[in-house]
Amino acid sequence: MSASSLRKDADELLRLAMLTEIENVKRILTSEATRLVQAAEAEEKRSQGAQKKLLRPAFFTTKLYNYGWDQSEKFLKIYVTMNGVQNFAANCISTTFEDKSFELQIIDEEKKVNYILTVKNLLYKIVPGESYSKVKTDMVVLFLRKASTQNWEFVTEVEKKAKDAKTPKFDKEEDPGASLMTMMKQMYEDGDDDMKRTIAKAWTEAREKKLPDEVV
């Protein structure tokens, strides 16, 4: 039954309740009228929700991984390129800053795509309250306020560990394979989801290459 029909029935019950002089009948009619009004309100909310759902466009989420960066004494600057971003509505670009991470979200309403860049485990701490973003031609620039003025050699801890892993310095008395495995395990524990997937894939491929020799 539609909301309008429910309200009409409720109005009729209230009219009858006003005409009767029997208290029990009046109470029953009033109670039923109240129930119908509540049902009408629920039906209206359900209809409004269904209408909004039909009108809401379907957006796809795409993760961003590429960005450029440089730094000044006070800020680490992150450059994210995107064609025509300067023409996007202001509420389509948002940022979230935390002590050692940040996230940029860009909504392209024309293409119906939600772009997200998430960077965790920054090399050093930043000051969220003093970090901000600027939109330029085909680019969004994030200004991460450094918590200290030290120089950043990398953006994230994972990048630094990955660089160290490429040129490991092993103790002459220590097994190089064991040292590398320890470092890889540490990178896996400290890395984000993407780094963990990359390391897990490398381990799997390495194990698959060894299987033929193990069988022989």
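Strand β3 (residues 75-81) and strand β8 run antiparallel and are joined by 7 bridges. Strands here are DSSP runs of E with at least two residues, helices are runs of H or I with at least four, and both are numbered from the N terminus. Two strands count as paired if DSSP finds at least two bridges between them. Within this pairing, Thr 81 stands opposite Met 139 in β8. Strands of a sheet pair through backbone hydrogen bonds, either parallel or antiparallel.

The model is a predicted one, in which local features need pLDDT of at least 70 and side-chain atom pairs count only at pLDDT 80 or more, while totals for chains, interfaces and linings use all residues. Residues are numbered from 1 along each chain as its sequence is written, and side-chain values use heavy atoms, with hydrogens and water left out.

On β3 there is also a pairing with β2, again antiparallel, through 4 bridges. Gly 68 stands opposite Tyr 79 in β3, and a hairpin of 3 residues connects β2 to β3. These strands belong to an open sheet of 4 strands in the order β2-β3-β8-β7, with antiparallel pairing. Because β2 (68-71) and β7 stand at the edges with a single partner strand each, one side of each has no neighbour in the sheet. From one strand to the next, the twist averages 20°, where axes are lines fitted to C-alpha atoms, for helices over the stretch in contact, and angles run from 0 to 180 degrees between N-to-C directions.

Attention now turns to the aromatic rings. The structure holds 4 aromatic pairs. Rings of Phe, Tyr and Trp (its six-membered ring) pair if their centres lie within 6.5 Å; planes under 30 degrees apart are stacked, over 60 edge-to-face, and the rest tilted. Tyr 124 and Trp 152 are edge-to-face, because their ring centres are 5.4 Å apart and their planes stand at 80°. Tyr 124 lies in the loop between β6 (113-119) and β7 (132-136), and Trp 152 in the loop between β8 (139-145) and α3 (157-166), so the pair ties together parts 28 residues apart in sequence. Trp 152 is buried, at a relative accessible area of 2%, whereas Tyr 124 is partly exposed at 27%. Buried means under 20% relative accessible area, exposed over 50%, and partly exposed in between (1.4 Å probe, protein chains only).

Another pair, Tyr 132 and Phe 143, is stacked, at 4.8 Å centre to centre and 15° between the planes. Since Tyr 132 lies in strand β7 and Phe 143 in strand β8, this pair ties together parts that are 11 residues apart in sequence. Ring pairs link Phe 75, Tyr 132 and Phe 143 into a cluster. The charged end of Arg 145 sits over the ring of Phe 75, 5.6 Å from its centre; this requires NZ of Lys or CZ of Arg within 6 Å of the ring centre and within 35 degrees of the ring normal.

In α1, Ala 3, Leu 6, Ala 10, Leu 13 and Ala 17 are buried. The buried residues of α1 fall within an arc of 85° seen down its axis, so they line one face of the helix; the arc is that of the directions from the helix axis to the C-beta atoms. The face turned away from that buried side carries the exposed residues Lys 8, Asp 11, Met 18 and Leu 19.
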